[in-house]
Amino acid sequence: MVDWHQAAEALADQPMFRSVPAQDLARFLSRIEILDLDEGGSLHTSADEADKTYLLLRGRFEVIGIGGGVTEISKGFLGEEAAIGLEKYLATATSIGETQVIAMPKDALSELAEHGPLVEGMMQSYSRRFAANDPHQKTVALAPDSKQKKNLPLRVTFGWAFASLAPLLLYLTLNDAGILPNRQSVYLLAILSAAVVMWVFRLLPDFIPALFAVLGIILFGLAPPDVALSGFSSNTFFMALSIFGLSAVITVSGLSYRVMLRLLQVGPANKAWYNISLFLSGLALTPIVPTANGRVAIMAPLANDMLRAIGPAAQQEGPRLTASVMGGATLLSAIFLSSKATNFLIFGLLPLQEQARFQWLYWLFAASVVGIIVLVLYALATWLMFRNDSNPAVSKDLVRDQLKILGPMNLTEWSAVLGLGVLLISFLTVAVHRIDIPWIALAILFSLLMFQCLSARDFRQRIDWSFLIYLASLIGLVAAMGHVGLDQWISGNLTWLQRLMSDDLPLFIAMLAVTIFVVRLALPINAAVVIFATVLIPTAINISVNPWLIGFIIVLMADCFVWPHQASYFLQFQSMARPEAGVNDPRLAWLHFLIFFMKLAAIYLSFPFWQSLGII
Amino acid sequence: MRNKITAVLMAGFFLTLVVSALNINIHRPNILVLHSYDTSYIWTRDLNAGLKRGLDGQSWIQTRYHYMNTKKKSDPGHLRRASIAARKAIDDGKPDVIIAFDDYAQQLAGSYYVNHPDIKIVFAAVNGGVETYNYIGADNVTGIYERKPVAAIKETITLLSKAIGKDIDGGDQVRIALLGDTTLSAKRDEDYVGSYQWAPLVYTGAFTIADFEQWKTTVFGLATKVDFIMVGGYRKLKRLPDSGPKEEFVPPGEVMRWTEKNSPVPVIGIDIFNTEDGAMMSVGVSPFEQGNTAANMARRILEDGVAPSKIPFATSQQYVVAFRRSALDRRKLQIPKIFEAFARATDNYHD
């Protein structure tokens with residue numbers, strides 16, 4: 001029987017583990033083994049692959065270096081080579097009498113190493129031993145692998161060629177054609193075309209083409225800086241900034257991990273509950289962590305812990321656990337205003353009075369029927385598609401000890417709970433306090449910074465500043481389109497689209513969904529949303545169709561994918577997940593394909609509800 | 001110990017900030033400006049200009065705007081959605097005063113809050129009565145009516161009569177007629193214009209028209225019967241007599257441009273936006289006055305605590321004129337320079 005409690009205490013006693021956050025140490029506990037060796041038992045030899053580092057709990061070891069030096073170890077670490085990144089052990093460790101050690105896998109240690117001086121500590125432990133006892137021990141160079149110089153993909157070369165040619169061709173074609181309302185529109189369209197090519201060919205991170213567009217607008221004098229940069233002073237920008245701040249506190253504090261452990265502790269030890277726990281954890285993160293990638297980054301280690309804990313059953317249950325993680329973290333992204341970058345973008349493009357109407361709570365309310373229907377259909381689909389006869393169980397002792405390591409809720413966790421509580425109350429009482437939600441969110445961020453629940457370093461590192469620049473730039477870009485009259489021109493030249501949107505909304509939605517699905521085969525989510533939203537939202541406003549509805553459908557449908565390359569968050573999960581997660585299981589691709597139809601069905605079934613709200 | 005004191009001081013500092021901000025915002029006067037139309041319409045922009053003049057220097061008053069967009073679209077479905085959205089804006093914002101402009105704002109939103117204990121209503125730009133909105137005798141309602149500036153229109157036509165060769169003093173008859181669509185608003189205008197004493201001009205009556213074909217026939221038919229055509233509402237003209245209910249109305253710009261181009265006699269609008277649509281000239285109620293008066297009434301309610309029922313309903317007194325230079329030139333009509341300067345100053349002079 002593994003004594004988790006003893007192991008936890010032994011780890012916590014080591015100075016180099018003290019800088020590791022409690023939640024990571026708790027998670028680490030599920031990945032260690034405790035080994036008992038008899039007299040003469042070999043822990044590792046100098047020829048072995050260095051895959052584990054050991055912490056001595058009881059007994060002594062004889063360690064012989066490759067230079068012949070011999071030393072005896074009765075406390076501390078062995079096999080530090082694994083922790084410091086060497087491929088082979090450089091010594092042989094043999095048990096003297098009965099011994100007990102904690103075996104710590106190399107990959108788990110490397111994850112912990114992100115949080116502090118673990119590697120340095122291990123190197124010191126390693127070098128101290130042999131410096132004292134083996135003058136012949138060679139210094140080991142830890143130089144990183146030399147990176148192979150790779151040729152850039154053809155896509156990038158073609159992309160840059162198009163990015164250079166597209167604006168030029170547009171300018172030459174449209175400059176004297178008299179099609180566009182004015183010369184500024186020609187320039188703006190040319191700049192926009194270059195940015196779109198950069199997005200389509202993924203030449204640069206998303207925010208850089210957006211920044212380029214704003215820069216172009218200012219340099220070419222197409223709109224005054226206060227218009228082009230209006231996104232940076234918009235309440236949408238500050239709302240997103242504040243949600244990022246709150247999300248950073250939640251992530252840093254380990255609150256999400258504690259919630260997950262509590263769910264495992266209170267629920268029955270069966271696979272249904274494990275899936276529900278993962279799904280609910282992801283769902284709980286959806287409104288408070290404003291990027292799908294951020295949620296997946298939090299959820300993937302939890303899923304890995306679960307896969308490890310359930311042992312052999314993970315082979316069968318893995319794909320469903322993956323579906324639960326992905327579903328929880330991403331399925332309802334469009335339902336909460338604060339769950340995705342693109343939602344903020346749609347919100348930023350709405351007229352002021354629609355922004356006032358579709359504040360966080362009303363956005364959720366208006367989208368709730370879609371969310372509920374999609375949830376039900378998703379649960380049904382995963383139940384039918386991933387049925388198996390495995391019966392995994394996670395040790396409740398392990399969960400209990402992991403919670404013990406976390407200890408009572410700390411100040412940062414309390415501040416995260418308090419911040420969330422205040423935000424929720426402010427949503428519900430907006431008619432009383434009459435303060436716009438973005439400024440309440442900013443006040444919460446201020447308090448978190450003031451009380452140092454969010455450190456200046458975390459403020460710099462954990463807030464997605466590139467996204468904020470992207471968001472603000474796009475809002476400015478659309479404002480500039482309005483300034484030169486391009487938005488009116490676009491909507492005015494899409495009369496057939498206006499007529500369809502106005503007269504036959506169900507058909508329009510079907511066509512929009514299919515078009516987005518096809519476009520998404522080539523374009524990433526953000527670029528697809530930007531292109532559809534900048535064309536369709538002004539058109540909707542122009543003909544008095546509710547622009548939120550159009551924006552909501554765009555973000556909802558653009559989040560559909562079939563192949564992993566279409567969704568960066570799925571790729572991220574793929575790279576983080578253990579092999580048992582079965583991320584390449586074809587059933588997952590089918591499930592993702594079905595989600596498209598689930599969402600479409602949910603939209604149509606929401607029509608009566610939206611009619612009652614006066615949205616359609 | 002020192003850490004604890006610091007933490008308490010910081011908490012006190014933050015709490016003071018929060019309580020102060022809440023206290024200030026809860027008690028801050030709050031106006032919701034509810035427009036029947038939207039800002040693409042010059043009438044709405046000028047109402048806002050008058051309103052801002054009235055609220056100048058009153059940044060303390062929190063002012064929000066909501067546009068119902070019923071000019072571009074007024075089918076029953078849109079009116080239902082506009083009504084729900086406007087009432088949600090009111091319920092969410094809990095304004096102290098609603099300033100509601102034009103009829104739809106009263107009909108679809110304002111009328112739901114008659115005798116509301118916390119919300120006061122100031123109506124403006126209503127060209128008919130307010131009985132249908134239950135405003136008469138209500139505790140929480142005041143406002144300003146929009147009445148067509150018939151005296152100013154009479155003066156203008158009298159002035160232009162000489163330009164078309166008519167000498168009223170010499171005994172020439174100058175005949176006028178009014179054209180309008182079938183809307184309630186147009187009907188009210190007809191009643192009001194018809195009740196005015198136009199003498200020495202000869203008012204020959206009003207023509208209520210349902211479709212564009214009938215409009216064209218009437219315009220041509222009036223060529224020999226009148227010397228000036230006055231136009232009122234024309235935004236709800238069907239394209240053809242048998243056009244279906246789903247078909248869009250003829251765009252107002254198209255109606256007015258056709259009328260100006262084809263009418264054998266000069267066309268005078270009785271709403272200021274008629275010239276923006278294409279008419280040669282229009283004399284209309286001043287939107288600046290409507291906005292300004294509504295703002296002043298709201299300030300009396302908010303600052304002086306005067307009950308709306310103690311503020312008598314007002315009626316429009318001022319008017320503005322608008323010209324279209326190209327139409328005047330085509331008809332070879334000259335207007336006094338002072339008129340032109342006035343139109344230019346109020347942004348109502350079109351090339």
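Visitor: Which residue of strand 11 of chain B is the bridge partner of B:Ile144?

Guide: This is a predicted model, in which local features need pLDDT of at least 70 and side-chain atom pairs count only at pLDDT 80 or more, while totals for chains, interfaces and linings use all residues. Residues are numbered from 1 along each chain as its sequence is written, and chains are lettered from A and ligands numbered from 1 in the order in which they are written. Strands (E, at least two residues) and helices (H or I, at least four) are DSSP runs numbered from the N terminus, and two strands pair if DSSP finds at least two bridges between them. Strand 5 (residues 141-145) and strand 11 of chain B pair in the parallel sense over 2 bridges, and the bridge partner of B:Ile144 in strand 11 is B:Ala314.

Visitor: Which strands of chain B stand at the edges of the sheet?

Guide: The open sheet has 6 strands with parallel pairing, in the order 2-1-3-4-5-11. Each edge strand has a single partner strand, so one side of each is left without a neighbour in the sheet, and these edge strands of chain B are strand 2 and strand 11 (314-315).

Visitor: Which element of chain B gives the most to the side that touches chain A?

Guide: Contact here means that the C-beta atoms of two residues, placed from the backbone, lie within 7 Å, and by this criterion 25 residues of chain B are in contact with 16 residues of chain A. Helix 1 (2-27), strand 2 (62-67) and helix 3 (76-93) are the elements of chain B that give two or more residues to this side. The one that gives the most, with 8 residues, is helix 3 of chain B.

Visitor: At roughly what angle do the axes of helix 12 and helix 14 of chain A cross?

Guide: Axes are lines fitted to C-alpha atoms, for helices over the stretch in contact, and angles run from 0 to 180 degrees between N-to-C directions. Angles under 35 degrees count as roughly parallel, over 145 as roughly antiparallel, 65 to 115 as roughly perpendicular and the rest as oblique, and helix 12 and helix 14 of chain A are therefore roughly parallel to each other. The axes of helix 12 (residues 271-285) and helix 14 (residues 314-330) of chain A come within 6 Å and cross at roughly 25°.

Visitor: What distance separates the centres of domain 1 and domain 2 of chain A?

Guide: Domain bounds come from an automatic or database domain assignment, which divides chain A into domain 1 (4-133) and domain 2 (156-232). Taken over C-alpha atoms, the separation of their centres is 56 Å.
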